[in-house]
Amino acid sequence: MEEQAITMLTSQSRRLENYPELKARIDRHLQETRDQAAMLKRCLERLHGGTSAVKDISGKIVAIGQGLSGLFVSDEVVKGSLASYTFEHMEIASYKILIAAADYAGDQETKRVCETILQQEVEMAEWLDQHSAEITRTFLERDQRGVTAKH
């Protein structure tokens with residue numbers, strides 16, 4: 001998930017020009033996500049595990065498609081915010097499942113890592129929720145004035 005999120009967030013951040021607060025929050029979450037990927041990698045190495053190849057490839061394709069699709073729509077910033085909000089909730093649900101599985105397995109270190117990441121995902125989802133109306137209004141105002149609103 002974190003590799004897919006890095007692809008999606010990087011693509012979105014590169015194109016954001018007229019939404020400095022959104023770009024700053026995405027960039028902050030992008031760094032959190034890179035840190036999350038490193039923490040999870042250490043957990044997998046400790047457990048001698050790996051990610052599912054099929055899930056990994058399909059997730060990357062979805063993230064790349066999401067990143068590229070923004071190039072061709074007029075409301076990229078609104079669509080990107082919606083996609084990010086949706087993705088955050090998928091991650092939240094996934095981390096809750098991973099926490100339960102780690103707890104069941106008695107793996108307190110993985111549980112702690114997943115709880116830390118879960119909090120960051122919840123914070124990002126809440127930020128997007130709290131700012132979605134503002135982002136939409138800014139997009140509509142810029143679009144109405146004929147100023148670049150897309151990004």
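**Exercise 1. Determine how many salt bridges the structure holds, and describe the one formed by glutamate 76.**

Solution. The term comes first: a salt bridge is a side-chain nitrogen of Lys or Arg within 4 Å of a carboxyl oxygen of Asp or Glu. By this criterion, the structure holds 6 salt bridges. In one of them, the side chain of glutamate 76 meets that of arginine 15, at 2.3 Å from N to O. Glutamate 76 belongs to helix α4 (residues 76-105) and arginine 15 to helix α1 (residues 2-15), so the pair ties together parts that are 61 residues apart in sequence. Helices (H or I, at least four residues) are DSSP runs, numbered from the N terminus.

The model is predicted: local features need pLDDT of at least 70, side-chain atom pairs count only at pLDDT 80 or more, and totals for chains, interfaces and linings use all residues. Residues are numbered from 1 along each chain as its sequence is written, and side-chain values use heavy atoms, with hydrogens and water left out.

**Exercise 2. State which way α1 runs relative to α4.**

Solution. The axes of α1 and α4 come within 11 Å and cross at roughly 160 degrees. Axes are lines fitted to C-alpha atoms, for helices over the stretch in contact, and angles run from 0 to 180 degrees between N-to-C directions. Angles over 145 degrees count as roughly antiparallel; α1 is therefore roughly antiparallel to α4.

**Exercise 3. Describe how α5 packs with α4 and with α2.**

Solution. Begin with α4. The axes of α4 and α5 come within 8 Å and cross at roughly 160 degrees, which means that α4 is roughly antiparallel to α5. Their contact divides into 17 nonpolar, 6 polar and 8 charged residues. Here Ala, Val, Leu, Ile, Met, Phe, Trp, Tyr, Cys and Pro count as nonpolar, Asp, Glu, Lys and Arg as charged, and the others, Gly among them, as polar.

Continue with α2 (residues 20-47), which packs against α5 (residues 108-144) at about 160 degrees, with the axes 10 Å apart. This pair is therefore roughly antiparallel as well. Its contact has 13 nonpolar, 5 polar and 9 charged residues.

**Exercise 4. Find where α5 bends, and what follows just after this helix.**

Solution. α5 bends by about 50 degrees at histidine 131, the bend being the angle between axes fitted to the seven residues ending there and the seven starting there. Just after α5, glycine 146 takes a positive phi of about 75 degrees.

Terms used: Helices (H or I, at least four residues) and strands (E, at least two) are DSSP runs, numbered from the N terminus. Angles under 35 degrees count as roughly parallel, over 145 as roughly antiparallel, 65 to 115 as roughly perpendicular and the rest as oblique.
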